[in-house]
Amino acid sequence: MASSQILEIFSTFLIFMQIYFGNAQSFIQSRAAYYPNSEEKGTESGACGFGTFGATINGGDVSAASDLYRDGLGCGACYMVRCTNSNYCSENGVNVVITDHGASANTDFILSQRAFSHMAQTKDAATSLLSLGNVGIEYTRISCSYPNKNITFKIDESSDNPYYLAFVIWYQQGKTDISAVQLCETQNFVCKLLDRTRGAVWTSSSPPKGELQIRMLLSFDDGDEKWIIPVNNIPENWKGGEIYDSGIQVDQ
């Protein structure tokens, strides 16, 4: 075989290996339990502050996290979790969203019962898996995807216009963290950094008057950061309990 042919085959092999390992997911070994006294879906009182949304997002396939909670920075992040007992567990595992903080017996995840059951191969296997309560798993972070949903702001019921503003961010997309948030008044675009008071709740004790713009700093797993600016502003007459569509999505 000519040296040029050998070189071509070797180059093709290298390209294949780069594609293969570039697309391969790296899994971390750990353990997971589930909320033993919860309903099938998640909890409405999760530490992230999502409320009812935190129990029902992703169809109820949600989880509390211990170290992955990261003082609230991990709220809204998505993970593939799959148990490792070949007698009961599916290779597909389950994709979950972090909505709470908690740990139990060296676990990284405390899943909703629904999510815990979805790691199993069959309904009968799910029953057996639930009876174990705490199982070995492997997990990896994945991109969050919400088709036809924009990033959304939910004004917390504790807010009092114009004296105090608190809100959470729904439908965090991609494999990104929201590491900082600015609140801007829309006439002179004077902005100030907000405080993360708990979980995914951002607050301002003296919000600007008029329409408001909420800017978010996205941090990517490769170390890059990017500020994103919503298309839609928060109206001047905002009030607690209201939901406002940002008009933007984040590229996956």
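Reader: Why is Cys 75 called buried in this structure?

Author: In this predicted model, Cys 75 has a relative accessible area of 2%. A residue counts as buried when that value is under 20%, and therefore Cys 75 is buried.

Reader: How do you know that Cys 48 and Cys 75 form a disulfide?

Author: The sulfur atoms of Cys 48 and Cys 75 are 2.1 Å apart. A disulfide requires two cysteine sulfur atoms within 2.5 Å, so the pair qualifies. The angle about its S-S bond is -90°, and the link is left-handed.

Reader: What makes this link one that ties together separate parts of the chain?

Author: Cys 48 belongs to the loop between β1 (28–34) and α2 (52–56), whereas Cys 75 belongs to the loop between β2 (62–65) and β3 (78–83). The parts that the pair ties together are therefore 27 residues apart in sequence.

Reader: Is Cys 48 buried or exposed?

Author: Cys 48 has 0% relative accessibility and therefore counts as buried, the cut-off being under 20%.

Reader: Why are Cys 78 and Cys 144 called a disulfide?

Author: Their sulfur atoms are 2.0 Å apart; the definition asks for a separation within 2.5 Å, and so the pair meets it. With 115° about the S-S bond, this link is right-handed. Cys 78 lies in strand β3 and Cys 144 in the loop between β6 (135–142) and β7 (152–155), so that distant parts of the chain, 66 residues apart, are linked. Both Cys 78 and Cys 144 are buried.

Reader: How many disulfides does the structure hold, and what is their pairing?

Author: The structure holds 4 disulfides. With the bonded cysteines numbered in sequence order, the pairing is 1-2, 3-6, 4-5, 7-8.

Reader: How do you know that Pro 162 is in contact with Pro 207 and Trp 238?

Author: Contact means heavy atoms within 4.5 Å. Once neighbours within four places in sequence are left aside, Pro 207 and Trp 238 are in contact with Pro 162. Pro 162 itself lies in the loop between β7 and β8 (165–170), and its 32% relative accessibility makes it partly exposed.

Technical notes. Residues numbered from 1 in each chain as written. Predicted model: local features only at pLDDT ≥ 70, side-chain atom pairs only at ≥ 80, totals over all residues. Heavy atoms only, no water. Helix = DSSP H or I, 4+ residues; strand = E, 2+ residues; numbered from the N terminus. Buried < 20%, exposed > 50% of the residue type's maximum accessible area, 1.4 Å probe, protein only.
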